[in-house]
Amino acid sequence: MINHVVLFKFKSYDTPEEKLAIMNEFKTKLLALEEKISELKYISVGFNFKLDAASFDVCLQTHFESLDDLDSYRVHPEHVKVVELVADHIADRAAVDYPF
């Protein structure tokens with residue numbers, strides 16, 4: 001199995017509510033991928049406790065049976081739609097993939 005962890009830092013917004021609304025939309029779209037992408041075996045999305053922290057805002061954790069399945073997920077049209085949805089809102093991103 002492959003654990004794929006991605007951290008997202010969102011851009012600054014006028015209000016915390018505006019930022020949280022975009023993050024919630026992102027989370028909803030990500031979680032919906034579980035029903036749309038068969039290679040995706042597990043998904044979890046969590047928010048940092050402090051939205052104004054200097055660290056990352058969102059953590060995505062997904063599991064795949066193989067690196068090939070992870071690669072299929074990355075280019076899957078439904079995943080690409082979610083990436084395009086938030087691309088303009090992301091200030092930084094970090095990812096780690098490892099077997100477990």
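A residue counts as buried when its relative accessible area is under 20%. Keep that cut-off in mind during this tour of the aromatic rings in a predicted model.

Start by selecting phenylalanine 26. Its relative accessible area is 2%, so phenylalanine 26 is buried.

Show both side chains together. A search of the whole structure finds three aromatic pairs, and phenylalanine 10 with phenylalanine 26 is an edge-to-face pair, with 5.8 Å from centre to centre and 65° between the planes. Which parts of the chain does this pair tie together? Phenylalanine 10 belongs to strand 1 (residues 2-10) and phenylalanine 26 to helix 1 (residues 16-32), so the contact links parts 16 residues apart in sequence.

Next, select phenylalanine 64 and tyrosine 73. Their ring centres are 4.9 Å apart and their planes meet at 50°, so this pair is tilted. Are these residues buried or exposed? Phenylalanine 64 is buried, at 0% relative accessibility, and tyrosine 73 is buried at 0% as well.

Phe8, Phe10 and Phe26 make up one aromatic cluster.

For the last stop, select lysine 27 and phenylalanine 47. What sits over the ring of phenylalanine 47? The charged end of lysine 27 is there, 5.3 Å from the ring centre.

Note on methods
Residues numbered from 1 in each chain as written. Predicted model: local features only at pLDDT ≥ 70, side-chain atom pairs only at ≥ 80, totals over all residues. Heavy atoms only, no water. Phe/Tyr/Trp six-rings, centres within 6.5 Å; stacked < 30°, edge-to-face > 60°. Helix = DSSP H or I, 4+ residues; strand = E, 2+ residues; numbered from the N terminus. Buried < 20%, exposed > 50% of the residue type's maximum accessible area, 1.4 Å probe, protein only. Lys NZ or Arg CZ within 6 Å of the ring centre and 35° of its normal.
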